Amino acid sequence: MDMLSTIFAPPSLHEFIVICGMLVATYSTRLIGWLVLRNRPVSPTMQRVLDAAPGCVMISIVAPAFMTTNVVTLVTLAATVLVAFRAHLAVTILFAVGFNALLQTFF
């Protein structure tokens with residue numbers, strides 16, 4: 001099996017169900033918040049809480065990776081944390097994906 005067919009292989013049924021579950025969990029937090037608060041004024045404190053929700057969901061998806069003994073994953077996580085202090089979220093995500101791909105390729 002060549003590398004491209006491995007990268008672009010369709011997900012298994014189990015992977016597809018997990019991806020759909022994450023999609024529903026992520027989208028429902030935004031939708032429910034909008035439905036509940038759409039006709040109410042929001043205080044600055046509540047606005048900060050609502051702004052933090054997407055980050056909390058992302059952390060809950062990434063957190064299990066910290067429970068690994070794979071050195072490449074741990075190095076990627078440590079480097080990503082350092083980049084996250086200096087860069088925006090999109091840059092941090094691109095760095096994490098690219099750096100992990102680079103390390104996986106050579107180690």
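**Thr 92 and the fold around it**

Trainee: Does Thr 92 count as buried or exposed?
Mentor: In this predicted model, the relative accessibility of Thr 92 comes to 6%. Because the cut-off for a buried residue is under 20%, Thr 92 at its 6% counts as buried.

Trainee: Which residues does Thr 92 touch, leaving aside those up to four places away in sequence?
Mentor: Thr 92 itself is found in helix α5, which spans residues 89–106. With residues up to four places away in sequence not counted, the residues that Thr 92 touches are Thr 80, Val 83, Ala 84 and Ala 87.

Trainee: Which backbone oxygen lies 2.9 Å from a polar atom of the side chain of Thr 92?
Mentor: A polar contact requires a pair of N or O atoms within 3.5 Å, and the side chain of Thr 92 has a polar atom lying 2.9 Å from such a backbone oxygen. That oxygen belongs to His 88.

Trainee: How many helices and strands are there in the protein?
Mentor: Read from the N terminus on, the elements run α-α-α-α-α. The count is therefore five helices and zero strands.

Trainee: What is the radius of gyration of the protein, and why is the protein described as more spread out than a compact globule?
Mentor: The C-alpha atoms fill a box of roughly 55 × 35 × 25 Å along the principal axes. For 107 residues the globule rule gives 13 Å, and the protein lies well over that value, so it is more spread out than a compact globule, with a radius of gyration of 18 Å.

Trainee: What percentage of the residues of the protein count as buried?
Mentor: The protein exposes about 8,800 Å², of which carbon and sulfur atoms supply 75%. Of its 107 residues, the share that count as buried is 9%.

How values were computed
Residues are numbered from 1 along each chain as its sequence is written. This is a predicted model: local features need pLDDT of at least 70, side-chain atom pairs count only at pLDDT 80 or more; totals for chains, interfaces and linings use all residues. Side-chain values use heavy atoms; hydrogens and water are left out. Helices (H or I, at least four residues) and strands (E, at least two) are DSSP runs, numbered from the N terminus. Buried means under 20% relative accessible area, exposed over 50%, partly exposed in between (1.4 Å probe, protein chains only). A polar contact is a pair of N or O atoms within 3.5 Å; within protein, one must be able to donate a hydrogen and the other to accept it, and residues adjacent in sequence count only if both atoms are side-chain atoms. Contact means heavy atoms within 4.5 Å. The radius of gyration is taken over C-alpha atoms; the globule rule is 2.2 Å times the number of residues to the power 0.38. Accessible areas come from the Shrake-Rupley method with a 1.4 Å probe; for residues, only the protein chains shown count as cover.
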